[in-house]
Amino acid sequence: QPWLKETGLKLDKDGFIQIQETLESVNIQDVFSVGDICTMVNHPRPKAGVFAVRGGPPLTRNIRNKILGKPLEKWIPQKDFLGIIGTGEPTQCVASRGTLGIEGAWLWELKDWIDRTWMTGYSSRLPVMEMEEDPPSPVAVAAGPEALAALAHASMRCGGCGAKVGATVLSNVMNKIRKEFSFPNNDVVIGLDAPDDCAIVKQDPQGRAQVHTVDFFRSFIKDPFLFGKIAANHALSDCHAMCAEPRTALAIAVVPFGIEAKVEETLYQMMAGACTVLAENNCVLVGGHTCEGSELALGFSINGLVQWPNGALAKSGMKNGDVLILTKPIGTGTLLAADMRSRSKGVWIAEALRNMCVSNKAGAEILKAHGATSCTDVTGFGLLGHLWEMAKASSSQVELDLNSIPLLPGALECIQNGIFSSLQPANVRLKRSIANEEEALKHHAYPLIFDPQTSGGLLATVPAAKAEHCIQALKGSGYAS
């Protein structure tokens with residue numbers, strides 16, 4: 001490469017970096033090299049990937065030795081190596097080692113096995129990474145064993161809706177707030193006293209009411225554009241669940257500190273992804289607030305309009321004999337937790353992210369057109385948590401068929417491996433609402449009804465006579481599960 005001539009590193013006649021047996025440059029200390037870019041003086045070798053691979057461990061040790069001030073180790077690469085070259089035809093493959101050469105179809109199978117074994121070593125056979133934990137703070141120590149046990153239980157906290165405060169804690173706080181503070185306002189139709197996804201405030205004589213909702217969470221992926229799309233989609237779902245029309249959005253964004261150009265690009269990508277979704281929903285971004293923080297995070301306050309009372313769907317409208325319909329598969333909580341631990345598969349996460357990007361707008365319109373009586377979006381409190389809210393608000397009992405619940409690919413494998421979201425323990429407290437818990441415990445999908453969802457689907461009740469037509473319409477609009 002031409003740029004190597006400008007580095008000051010000593011090169012051989014062909015332009016490759018000359019290195020010693022310690023893998024260090026012959027003329028500039030602290031510069032190490034392995035692989036095709038270099039030539040070892042006194043031990044030249046042909047350019048082949050095997051030397052780069054075999055040079056990795058001694059390179060690692062010598063960089064560490066250099067930092068610690070220890071003597072560098074010498075490493076001399078092997079002289080002979082097995083080379084297998086495929087011709088593109090499974091029946092034609094050539095191998096060589098030293099002066100020997102052979103050909104045959106079986107060599108292709110050998111090469112395929114070697115390659116797959118090699119790649120497996122960098123995927124499913126990676127060693128389990130132990131997370132280094134900071135010692136507990138003096139405050140936690142002073143609080144006693146219960147606080148220390150709680151911290152040890154979930155030292156790795158989840159992002160997305162898995163980062164929500166548990167339902168029990170939130171309910172206790174809001175009960176105290178309602179008792180201690182009074183907010184008299186005759187225009188508030190649905191407020192703190194109701195479990196619904198949005199607050200509704202009367203607006204005009206035409207029967208339209210204002211709708212207000214807010215959502216915010218930290219990122220769980222490294223792609224800011226995709227995260228922005230999911231965050232906006234998630235925030236809009238509260239409006240969709242109540243059949244409201246989102247009109248305006250205010251954003252609150254947290255961006256990790258860094259060089260100005262990097263911060264600008266990250267913020268732009270995140271907001272560009274979000275605005276793509278807002279525009280698709282005819283919702284206008286009208287302002288917001290930004291700040292620096294330790295992790296990327298984004299949220300929106302969404303304001304909209306709904307015809308009241310006949311145009312809105314609440315959680316409290318369940319009727320006897322209604323059928324429950326869920327528009328998206330569940331399992332994002334356990335899948336994202338597995339991804340944080342490098343124990344998921346790429347295809348699983350790709351499908352989960354694809355589902356998170358599916359808007360609930362069309363689903364809400366279909367549900368309403370088929371006479372839906374109640375609706376909510378399934379998010380942080382899990383399927384059972386949001387179903388419990390609907391049942392309580394409707395003074396109803398519900399039968400849930402665990403065999404019929406759609407699941408994301410890989411979700412079952414993750415829970416069978418003991419991987420759960422950090423919000424799962426708080427959600428599990430609602431198991432007290434299950435009449436036949438002993439029987440439910442035997443079902444393989446039981447833990448997933450407590451799994452927190454990020455940008456989950458809609459959970460609605462529809463009259464039994466219209467349920468099958470509703471399901472077919474949903475499938476026809478892309479809600480395949």
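I began with helix 8 (residues 332-340) and helix 9 (residues 346-356), whose axes come within 10 Å and cross at roughly 135°. The axes are lines fitted to C-alpha atoms, for helices over the stretch in contact, and the angles run from 0 to 180 degrees between N-to-C directions. Helices (H or I, at least four residues) and strands (E, at least two) are DSSP runs, numbered from the N terminus. The angle makes helix 8 oblique to helix 9, where under 35 degrees counts as roughly parallel, over 145 as roughly antiparallel, 65 to 115 as roughly perpendicular and the rest as oblique. I noted the crossing of helix 8 and helix 9 as left-handed; that term applies if the near helix is turned anticlockwise from the far one by less than a right angle, and right-handed applies if clockwise. T332, L335, L336 and D339 of helix 8 make the contact with W348, I349, A352 and M356 of helix 9, contact being heavy atoms within 4.5 Å. I sorted these residues into 6 nonpolar, 1 polar and 1 charged, with Ala, Val, Leu, Ile, Met, Phe, Trp, Tyr, Cys and Pro counted as nonpolar, Asp, Glu, Lys and Arg as charged, and the others, Gly among them, as polar.

A note on the source: this is a predicted model, in which local features need pLDDT of at least 70 and side-chain atom pairs count only at pLDDT 80 or more, while totals for chains, interfaces and linings use all residues. Residues are numbered from 1 along each chain as its sequence is written, and side-chain values use heavy atoms, with hydrogens and water left out.

Next I looked up helix 10 (residues 361-369) and helix 15 (residues 464-476), whose axes come within 10 Å and cross at roughly 160°, which makes helix 10 roughly antiparallel to helix 15. Helix 10 passes helix 15 in a right-handed crossing. On helix 10 the contact is made by G363, I366 and L367, and on helix 15 by C470, A473 and L474; by class I have 5 nonpolar, 1 polar and no charged residues there.

For helix 6 (residues 224-241) and helix 7 (residues 260-280), I found axes that come within 7 Å and cross at roughly 40°, so the two helices are oblique to each other. Helix 6 passes helix 7 in a right-handed crossing. Among the residues that meet are F225, K229 and L236 in helix 6 and M270, A274 and V277 in helix 7, and the contact has 10 nonpolar, 6 polar and 1 charged residues.
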